Amino acid sequence: MDKAVVDHRIYTIRPRCMAAFLEAFDQLAMPILLRHLGAPLAFYTSSIGPLNQVVHLWGYDSLDDFEKRSAARDADPDFAAYLHATRDLVVTQETRIIRPVYLRSLDRQ
């Protein structure tokens, strides 16, 4: 991974509502996120452990880059439609800013 800062998000979706959430995300959020944030580093759903979770990672060059891109996303007038469409589907949201760790032992593999 070549990004200095990663926005790590976990959304817990109301049981039996994952398909509706993913459709709304794909149709309403993803075009806006691609425009302002670029492509995600990863996008997953859980299958073992805590269920009904969506995990996605977005990479940034710096905290300043994260703040600028996030502000642009939030200011996009179309983003409100996604938030409205998913308001009853999302139970919780966790957001973390994580940074890569470089270990010499990983370089040898």
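## Close-up views of a predicted model

View 1. D65 has a relative accessibility of 16% and so counts as buried; here buried means under 20% relative accessible area, exposed means over 50%, and partly exposed covers what falls in between, with a 1.4 Å probe and protein chains only. Before you zoom further, note that this is a predicted model, in which local features need pLDDT of at least 70, side-chain atom pairs count only at pLDDT 80 or more, and totals for chains, interfaces and linings use all residues. Residues are numbered from 1 along each chain as its sequence is written, and side-chain values use heavy atoms, with hydrogens and water left out. D65 sits in helix α2; helices (H or I, at least four residues) and strands (E, at least two) are DSSP runs, numbered from the N terminus.

View 2. Helix α2 spans residues 63–75, 13 residues in total. From first C-alpha to last, α2 reaches 18 Å, close to the 18 Å expected at 1.5 Å a residue; the expected span is 1.5 Å times one less than the number of residues in the helix.

View 3. A pocket is found on a 1 Å grid over the protein atoms alone, as an open set of points where a 1.4 Å probe fits, with protein on both sides within 12 Å along at least five of seven lines, and lining residues have an atom within 4 Å of a point. Of the 16 lining residues, R9, Y11, F79, Y82 and Q93 are the closest to the centre of the pocket. At least two lining residues come from each of β1, α1, β3, α2, α3 and β4. By type, the lining has nine nonpolar, three polar and four charged residues; Ala, Val, Leu, Ile, Met, Phe, Trp, Tyr, Cys and Pro count as nonpolar, Asp, Glu, Lys and Arg as charged, and the others, Gly among them, as polar.

View 4. Q53 belongs to strand β3, and T45 to strand β2. Q53 is buried, with a relative accessible area of 14%, whereas T45 is partly exposed at 43%. Leaving aside residues up to four places away in sequence, Q53 touches I10, Y11, T12, M18, Y44, T45 and S46. With such sequence neighbours again left out, T45 touches M18, L22, Q53 and V54. T45 and Y11 are 34 residues apart along the chain, and 9.4 Å separates their C-alpha atoms.

**View 5. Two loop residues with positive phi.** R16 has a positive phi of about 65° although it is not a glycine. R16 lies in the loop between β1 and α1 and is exposed, with a relative accessible area of 80%. N52, not a glycine either, also has a positive phi of about 65°. N52 is found in the loop between β2 (42–45) and β3, where N52 is partly exposed at 27% relative accessible area.

View 6. D2 lies in the segment before β1. With a relative accessible area of 69%, D2 is exposed. D2 and Y60 are 58 residues apart in sequence, and their C-alpha atoms are 9.0 Å apart in space.

**View 7. Zooming back out to the fold.** The protein has four helices and four strands, in the order β-α-β-β-α-α-β-α along the sequence. Its C-alpha atoms fill a box of roughly 45 × 35 × 20 Å along the principal axes. Of its 109 residues, 35% count as buried. Among contacts between residues at least 6 apart in sequence, 78% join residues at least 24 apart.

Terms used. Contact means heavy atoms within 4.5 Å.
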